[in-house]
Amino acid sequence: MKLNILFCASEMTPFAKTGGLADVVAALPKHLAKLGHTLKVVLPRYYQIDKATLKLSLSGLSVDMGPLGPHHFAAFKKDLEGFEVYFIDYELYFGRKNLYTDENGFGYPDNDRRFIFFSKAAMELARALNFRPDILHANDWHTAAQPILLNTALRHDPFWSQTASIFTIHNLEHQGVFNPRAFEYLGIDRSHFNPFEMEALGALNLLKGAVYHADKITTVSKRYAKEIQTPEFGFGLHEHIKAHSYKLIGILNGVDYEEWNPKTDPYIAQNYDLEDLSGKRVCTTDLQKKMGLPKRSDIPLIGFVGRFARQKGIELIAQGIHEMVHLPLQFVFLGSGEKWAEKFFSDLAKKYENIAAYIGYSNPLAHQIEAGSDLFLMPSIFEPCGLNQIYSLRYGTLPIVRAVGGLDDTIENYDPQSKSGDGFKFYDATKDALVGTVRWAVDTWLHDKEGIKKMIHYAMTRRFDWDRSAKEYTKVYCDALESKI
Ligand code: ADP
Ligand code: GLC
């Protein structure tokens, strides 16, 4: 069945990115379009997306924001390979430097208005274009208002009544919890503000509402779909999610191998692949030089790329680093986020000769770390899917991960007996478990050369293609439509 899909999200590579959501929004629609579906992707037109690179699609559009009155907006457009991307232009809400936070890292106080407006505007745009979607696919809390609206105010609207909604949870930590006054912006009947639907401790919780109202919910790995039904990973919503688990499915993200491939990667010092790994050594030397690390080939180089946030296990690293630094290894950290961590990691780099850090965001350096490192550290507290560990596999850089969410689903633990696996896993979120596993990985790298060789070989042949995920999403779309009839 060929479907019309309206795909809405708050970020997309290369237009605006803070994390993996952007990579997914760039890749999944492309692969859905390849399967023959008709896609329109809708994003906010942030300040950083230059209008001159877009075409004006429609102007004079408007949505009602309840007590805030009507908001008039325009929509811009860009044609990509196989589908169109639309940008909602509303200067007052999106004409700012960052996507979600001010320069001190605090969420903008009007994020409720910004994203409820965006959610409504994207739907209004579809109507204005007369693009009647079979599927409305919303992602994370930013677009959580959409499944809510579809199943309440728009349930009997002739334009929308045949549309099924899919809501994908990329990260349950962020739920869109706001002052209950924000409920008025939705413009739906007051009776929906109750603890079964979208009220949580007196506040409005948009993600909770989407879980209630969406026809299907997906998460970005199978393991995470199970985890979010437990108190440890549910961020207060585990009972609510459990109650709706009959419509919850885990679909693992894929990787865009056009972007992440050591054979063709334009950012790395020398391309390489399985047949000839000599380029990887060149990449290591280049990375050491760039980052001011001593040129060593007798000890492993461990890379880290990620947001400096609790989720990524940075506290565990901070607790264990003073032990790990005395092992025969080098570390390179790339990240930005929590201010204490930015200072902590840059201080470490000043103090220890075998630690380097780049505080900030750099896509080329992310590629160079994937290519130049021997091991990749990802000790996440929780990880819905995680992309970096999958990129690492393709680059022959063996991941050291905590066995949670997508990390557990994608990485196979090393078994020294059979010399099988492609990474090193630990289970407890403790400093000792982390340090012990890094020690194990370093020992293996130093003394079990045959095992490491086999692991690299296996890692580099594994594939996590978007084609497979796109087919799984198609099945979910079809099931959602069926359950709607
Ligand atoms: P999350 O979405 O939770 O941040 P993922 O592993 O899914 O985690 O995706 C993170 C993405 O962001 C990857 O593409 C990674 O390379 C990129 N990334 C994160 N931090 C940085 C950084 N400081 N510089 C460059 N890329 C980064
Ligand atoms: C989120 C998750 C990450 C996932 C990404 C894309 O930001 O933290 O694990 O890979 O979304 O789905």
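The shell around ligand 2 takes at least three residues from each of domain 1 (4-254 + 466-484) and domain 2 (278-461), where the domain bounds come from an automatic or database domain assignment. This is a predicted model, in which local features need pLDDT of at least 70 and side-chain atom pairs count only at pLDDT 80 or more, whereas totals for chains, interfaces and linings use all residues. Residues are numbered from 1 along each chain as its sequence is written, chains are lettered from A and ligands numbered from 1 in the order in which they are written, and side-chain values use heavy atoms, with hydrogens and water left out.

Around ligand 2 there are 14 residues, of which His170, Asn253, Gln311, Glu383 and Gly386 come nearest; a residue is counted as near if one of its heavy atoms lies within 4 Å of the molecule. The largest share of this shell, three residues, is supplied by H1. Helices (H or I, at least four residues) and strands (E, at least two) are DSSP runs, numbered from the N terminus. By class, the shell around ligand 2 comprises six nonpolar, six polar and two charged residues. In this scheme Ala, Val, Leu, Ile, Met, Phe, Trp, Tyr, Cys and Pro count as nonpolar, Asp, Glu, Lys and Arg as charged, and the others, Gly among them, as polar.

Several polar contacts (pairs of N or O atoms within 3.5 Å) involve ligand 2. A polar side-chain atom of Glu383 is placed 2.5 Å from an oxygen atom of the ligand, and a backbone N or O atom of Cys385 lies 3.0 Å from an oxygen atom of ligand 2. For Asn171, the distance from a side-chain N or O atom to an oxygen atom of ligand 2 is 3.5 Å. The protein covers 93% of the 310 Å² of accessible area that ligand 2 has on its own, with areas taken from the Shrake-Rupley method with a 1.4 Å probe.

Ligand 1 is surrounded by 21 residues, and the closest are Gly20, Asp23, Arg307, Lys312 and Gly360. The side chain of Asn388 has an N or O atom 3.4 Å from an oxygen atom of ligand 1. Of the 560 Å² of accessible area that ligand 1 has on its own, the protein covers 93%.

The shell around ligand 1 also draws at least three residues from each of domain 1 and domain 2. H1, strand E13 (301-308), strand E14 (330-337) and helix H13 (388-394) each contribute at least two residues to this shell, and the largest share, three residues, comes from E13. The shell contains seven nonpolar, nine polar and five charged residues.

The backbone has some local features of its own. The peptide bond from Thr13 to Pro14 is cis, with omega near 5 degrees, and Pro14 is located in the loop between strand E1 (4-8) and helix H1 (20-34). Asp140, a residue other than glycine, has a positive phi near 60 degrees; it belongs to the loop between strand E6 (135-139) and helix H4 (145-151). Asp140 is buried, because its relative accessible area is 7% and buried means under 20%.

Note on methods:
Buried means under 20% relative accessible area, exposed over 50%, partly exposed in between (1.4 Å probe, protein chains only). A polar contact is a pair of N or O atoms within 3.5 Å; within protein, one must be able to donate a hydrogen and the other to accept it, and residues adjacent in sequence count only if both atoms are side-chain atoms.
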